[in-house]
Amino acid sequence: MHIDHIGIAVADLESAVKTYETILNSPCSKREIVESEKVETAFFQTGESKVELLGATSEDSVIAKYIAKKGQGLHHVAFEVDDIYAELDRLRGEGFTVLNEQPKDGADNKLVAFVHPKDNAGVLVELCQTKK
Ligand code: CO
């Protein structure tokens, strides 16, 4: 398990992309709209991990709601796992609240599922597995 990416909720994706291109002195490596989540993502490769900027594409997007409630900032930390189904079963067995019954399609060719922040010191945890 390693940190695949850190997800950051941003109000203005274009301006946040420019900011991160400056911080990291490196261009955005990938942009992708995830229709099911009503978000547009922008990825930056930082070593073996990535930064994922998340902008809402609609007012009823989870990211728009998140920003309205908590403001911009850290949204989730994503750990890559080999077998997301086995890991979700294991965490459910340990009493964690898994927010997705089944893993779903995420950005970057991944299956993803989330663990409730109340179980993780206030941090939303994403498990992700590269689709084979
Ligand atoms: Co993510």
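In sequence, the donor residues of the cobalt ion follow the spacing H-x46-E-x23-H-x49-E. The model is predicted.

**View A. Four protein residues hold donor atoms for the cobalt ion.** His5 and His76 each use NE2. Glu52 and Glu126 each use OE. These donors lie 2.1 to 2.3 Å from the cobalt ion. For reference, the ideal tetrahedral angle at a metal is 109.5 degrees.

**View B. His5 and Glu52 link distant parts of the chain.** His5 sits in strand 1 (residues 2-10). Glu52 sits in strand 4 (residues 49-56). The pair is 47 residues apart. The cut-off for buried is under 20%.

**View C. The largest pocket holds about 660 Å³ of space.** Its lining is made by 34 residues. Val62, His75, His76, Phe114 and Leu124 lie nearest the centre of the pocket. His76 is also a donor of the cobalt ion. How do the lining residues divide? There are 15 nonpolar, eight polar and eleven charged residues.

**View D. Several strands and a helix supply the lining of the largest pocket.** Among those that give at least two residues each are strand 1, strand 3 (39-46), strand 5 (73-80), strand 7 (110-115) and strand 8 (124-130). Which element gives the most? Helix 2 does, with six residues.

**View E. Helix 2 (residues 62-70) has Ser61 at its N-terminal end.** Ser61 caps that end. A side-chain oxygen of Ser61 lies 3.0 Å from the backbone nitrogen of Ile63. What follows helix 2? Gly71 does, and the phi of Gly71 is positive, near 85°.

**View F. Asp108 is found in a loop.** The loop runs between strand 6 and strand 7. Asp108 is buried, because its relative accessible area is 14% and the cut-off is under 20%. Where does Glu87 stand relative to Asp108? The two are 21 residues apart along the chain. Their C-alpha atoms are separated by 20 Å.

Notes: Residues numbered from 1 in each chain as written. Predicted model: local features only at pLDDT ≥ 70, side-chain atom pairs only at ≥ 80, totals over all residues. Heavy atoms only, no water. Donors = N, O, S within 2.8 Å, 3.2 Å for Na, K, Ca; no water. Helix = DSSP H or I, 4+ residues; strand = E, 2+ residues; numbered from the N terminus. Polar contact = N/O pair within 3.5 Å; in protein donor to acceptor, adjacent residues only side chain to side chain. 1 Å grid on protein atoms, 1.4 Å probe; cavity = no way out; pocket = protein on both sides within 12 Å on 5 of 7 lines; lining within 4 Å. Points joined across faces, edges and corners; volume = space filled by probe spheres on them. Nonpolar A, V, L, I, M, F, W, Y, C, P; charged D, E, K, R; others polar. Buried < 20%, exposed > 50% of the residue type's maximum accessible area, 1.4 Å probe, protein only.
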